[in-house]
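Q: I am new to this structure. Please take a close look at one part of it, the salt bridges, and begin with the contacts in the chain as a whole.

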Amino acid sequence: MIAWALAPLALALSVARGEPATGITRSCVTGELCVVTGLAGTGLADGDVMAVLSLCGTGPPLSGMPGGFGESLAGSSGGTHFIWPGLLLVDGGEYRLCWCSVASPCSHEGYFTTDVGTMVVTGPVSGLEAACVSGRLCSISNIQGVYLQDGDSVMVLTACGGAQIDGFPNGAKTSAGALQGSEHGWGEAKISALGGEYALCWCAKGATCDETSEHRKRLGTLTVTGPAGNLVRVCGAHEDCTWSGVTGTGLLDGDRIMLLKTCGEGPIVPGFPNGDIATAAGGGGDYSFGADNLIRAGGHEYAMCWCQPSAEHVCAGPRNFLTPAGILIVSGAASDHDVSCVQGQSCKLLNFHGVGLTDGDQVQVLLECGTSSAPSNWPNGAIAVATSGGAEYLTWDGQSLDVQFGNYRICWCKTAWTCADPADFKMDAGALRVVGINQGQSRSCHAGAPCLVAGLLGSNLRNGDLIKVMTECGTGDEVLGFPNNSTSLPATDLGSSYSWGVAEVVEAAVGAYKMCWCPYGNADGCGDKAFFVSEARRRAGLFLLWSVVAAVQFDACFESEFAKQNRTWADEDKEVGKKLEALERRFKKKPNMIFILADDIGSGELGWQGGGKHRGTPTPGLDDMAFKGMRFWSAYAEPSCTPSRTAIMTGRHPVRTGLTTVLWPGQEEGLSPDEVTVAEVLSGAGYHTAMWGKWHLGDAPKFGPENQGFDYAYYGLYNGAPDNWPESYDMLANAPNSMKPMFYDFPGVEGYLEETGIDLSEAAYVARKGQPRQPIPGPAGKLGPRRQEAFEKESIEQIVQYVEEKAKDPKPFFIYWATFCQQLQGFSEHYQDPHVDKMNTQASMLAAHSAHVTRLLGTLEAEGIAENTLVVWWSDNGPMYAFFPNSGYTGLRGGKGTVFEGGVRVPAMAWWPGIIAPNQDPVDIIHVTDLYTTAARLANATKNIPEDRITDGVDQSALFMLGEGHTRRSCMFHYSGATLGAYRRKDIKVHVKTSEGGLPGMDIYNVKRDPGEQFGEKYPYLHMVTPSLNALQAHKRHMQRFPNRGAVTSRDIDSTGARRPQLQRQLRCRAESLVGPIQDGVDLTYGSDRIALLSSLGTCGLDAPDAAMAGGLSKQVESDQMVRFLPSDLPFGGTWKMCYCANFDSSLDQEALPCQSQQDFAATAGFLTVVGAFSDQVVNCTRNQVCSFEVQGNGRESRKTASRL
């Protein structure tokens, strides 16, 4: 009584303390949060409350308003800002905004007596009842509400905000509202929802209405007429089939169910009565097909698809049967079998399928199931009995099928039925065709191009048949070099045409192969080569002609030349292929190959080049070889020992491999195991492989030839200089001041070990593949003044014996003989030979080597294998003049270590009796890397060349076998270490140098006219500047696509000989972001080891870090194996080399490196690709005009943009 008495007093106080302005209008949207702002008045305060009511001061509360009775949370911003505590779900309409002062309890609507204005709620009025029939168009109309719009959204859900209902188009969301939001629908798309009642849920235009959770306001209920969709029934094939118990919403007599593979799509299933349609009775719950309910469809699960007809809606055809009512399972054999049996072969049925199959079921082959008789001559009356649970019929297996070609039916009889005569085999299980292909059909294709075989003849051929190219049908090998393991694409043109893809080229070697055929529907399938049958009627010769292998990655200049010369080269390859085919038929194996690599012999040193006895270096044996074969006048190598050995082994410029300079005793670098050597290429093609001589590609056992593809190796580690180090020490120790030795400060082998830790006690080894190497005993294995002589004597003895042993071997052999001729030392047996220069010790070694080559060639002739053996002789670089006159010589400019012609143009010859015509002296350009690719071609082993890197060598088999004018090389690059020094294209050679005064950084020579490079001319060759720059840029782009490998040291190889995983790690990140882990599996000294970024073409340890990236500073490896860069460290896109400084290596007990100078960052950890725009782009635009340009970068497409300046 007292409380109610005080209520008027509280009201009076509120009026006195606050008076809101009235007459305002505010709006909110149902389904969203509601906020009212901008309330004016006097005495307003935080804590005032607003309510939305139908009438201020009275009830009842509005349904769907948040709060206890529609009140807001306490007001803020001085009583001018109000928000309600939940979503507004009230119907659309106009309501009153009612105010309550903070001075009042505001605990029920009775306190909200001040009417400040109107609240307009945008949205629909709930309570709508709509109905649709599944399988028809569906629309919703007569939607009432306030401010409804076209573009509002309605969804059909289990409950508003809940899950969508399947079977409605557009994810159950109406396509758009119409008539100011009063009508909604799905356009011309029909619904296929199951029968039931569902919630219609609304979302306002302008809101995000993509998800079910955003449709919060319930508009009403949609009742869908249709089946419940949970029906499963089973019927037997060739039995009456009816069903009952169909439930749903609004079902009627006369409803229809059609049996389909997929509702709404079809196809119509043959074998059901009444056009596959059953009709409802019993209030829509019982179904039959009519008078005939016998089903003849195959064993399978079929969709029961529902339709309710009306005057406007006809239930005819699969597209009107959209609604899935359930599944009908038919027990019996499936009707879709499609089997082929080959005339003259046995026949069987495998993978026979259906429902409820058992052992003892039977099939009979008939022209028509249940009526006709079996074809004559079919084994066992054309009847077979099932095994393996009804899945296999093997009764005819092993019996020749001598029946007429044709199409037959597979007719099935269940084990429970009577299966006595053809009338009992009434179930049609599919087709069986008897097929065959004619014999003697020859076709030809060109390798290096796509292959099409057309016009093949046979009986009952069919699209989908396959051909596999094999050495022998059914039992032989697939022919390597054909796409898809030599299997064609499915046949076209009624089984007469076959191809291996219009974009896929054939890379097989020349030869006659078998076309082996497998018919579509073969019982065993065509997945195994054994199913491509071997009888003569199903095979024919396929003659292939070899061409350039497209899969090998070549440098840009060769790709350009290939595009111009492909047709010509293809014709040349035909000739080469014929010669090789004839050779292999004669000798029953691929050709043997011997590569001889000599040392420091310059162009002009040998007799056939004008040297020989005229210079005191007689070479009668080498001259004889040259005149009986091919003498190359434009042969090239790398400028020094290790690089040329890398080139001949890998077919790649050394800069790509990381071995760019001469190795010295004790260095940790070596030829990476990731490189694929010529020995590995040929070993993979079945060759015996062996090497003798100077290896010079890494001291560590892991780098040795026995781990680089050679079966046997007798080799020295170092170049020839260290052989003279001990002698120099001995000369000074035993006879001081008598004469100045070559290496006068060498401290002796023991002293050198003590001072440097480098052990020179073992200089040469013998090893077999996969076995530990053993030191070579005696003088041939110890550094000293007679080591090379002893080594060469033993080498030629072993080589001759090896040739004699392998001559009769069914496998071909490859020999790499890297002679020590000529490396400072002499050969005592030839000191007194006529014309040998006594002041040039090396002259006697060259005379000995010449005699050794004569002996080798004589052995090949004596064993009868000379005409099946290619022998190539090459020098590794030009002469070394450091100890002249004890040196080689050339009349060209420069020498060893330079990219002038005197450093890289070398003598070379090729000898192959019967194949290489004698006395040839081509001027064609050829490079030492070409021997790698040529060897692979001759061995039919191009498939063994890796495709993930550039191969610089090109196939020169046409030059060897067809003669002058058939080179594949028109250009090449000369590197000095890791720096590009020169570029030659045809007769023009460009020396690359720093630009002077803005003029091109080039010295240009015509090396045909001026082989001595004495008369460099720039201005007459200004027309060559742009083509040369373009060639250099293309070369650089290929190098960025296939980045160079970093130097590999013995520390980078694990105990198994595999490359440690952190090297060559490829990372990608976006500009202005973080970089991820740099390694996975190698211990690092976190916080001390560091990474610096270098230009991708730079050399770690030699070149300074890129100042543009990370400010030129290194970053530490953190404890989570991460290297982190700040956004400002990676400002633009590009590719950089990651150079690594190992602060400490516990395995070698090394002292810490300071990781401060560029020399400390000598290891290459990999490459970092920064995704972003390049920074070196220049755009020219005109002021006040639209400027259009493309932005180039890494990891993105070029983007064109335009703006007005």
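A: Of the contacts (heavy atoms within 4.5 Å) in the protein chain with a separation of 6 or more, 69% join residues 24 or more positions apart. This is a predicted model, in which local features need pLDDT of at least 70 and side-chain atom pairs pLDDT 80 or more, while totals for chains, interfaces and linings use all residues. Residues are numbered from 1 along each chain as its sequence is written, and side-chain values use heavy atoms, leaving out hydrogens and water.

The whole structure holds 45 salt bridges (a side-chain nitrogen of Lys or Arg within 4 Å of a carboxyl oxygen of Asp or Glu). One of them pairs lysine 574 with aspartate 571, at 3.5 Å from N to O. These two residues are three apart in helix H2, so about one helical turn separates them (helices, H or I, of at least four residues and strands, E, of at least two are DSSP runs, numbered from the N terminus). Lysine 574 is partly exposed at 23% relative accessible area, and aspartate 571 is partly exposed at 43% (buried is under 20%, exposed over 50%, partly exposed in between; 1.4 Å probe, protein chains only).

Helix H2 also holds arginine 585 and glutamate 581, four residues apart, whose side chains meet in a salt bridge of 2.9 Å, N to O. Glutamate 581 counts as buried, at 19%.

Lysine 989 and glutamate 901 form another salt bridge, with the closest N and O atoms 2.7 Å apart. Lysine 989 lies in strand E51 and glutamate 901 in helix H11, so this pair ties together parts 88 residues apart in sequence. Lysine 989 is buried, with a relative accessible area of 0%, and glutamate 901 is buried at 0%.

Salt bridges also link Arg652, Asp674, Glu675, Asp948, Arg949 and Arg1045 in a network.
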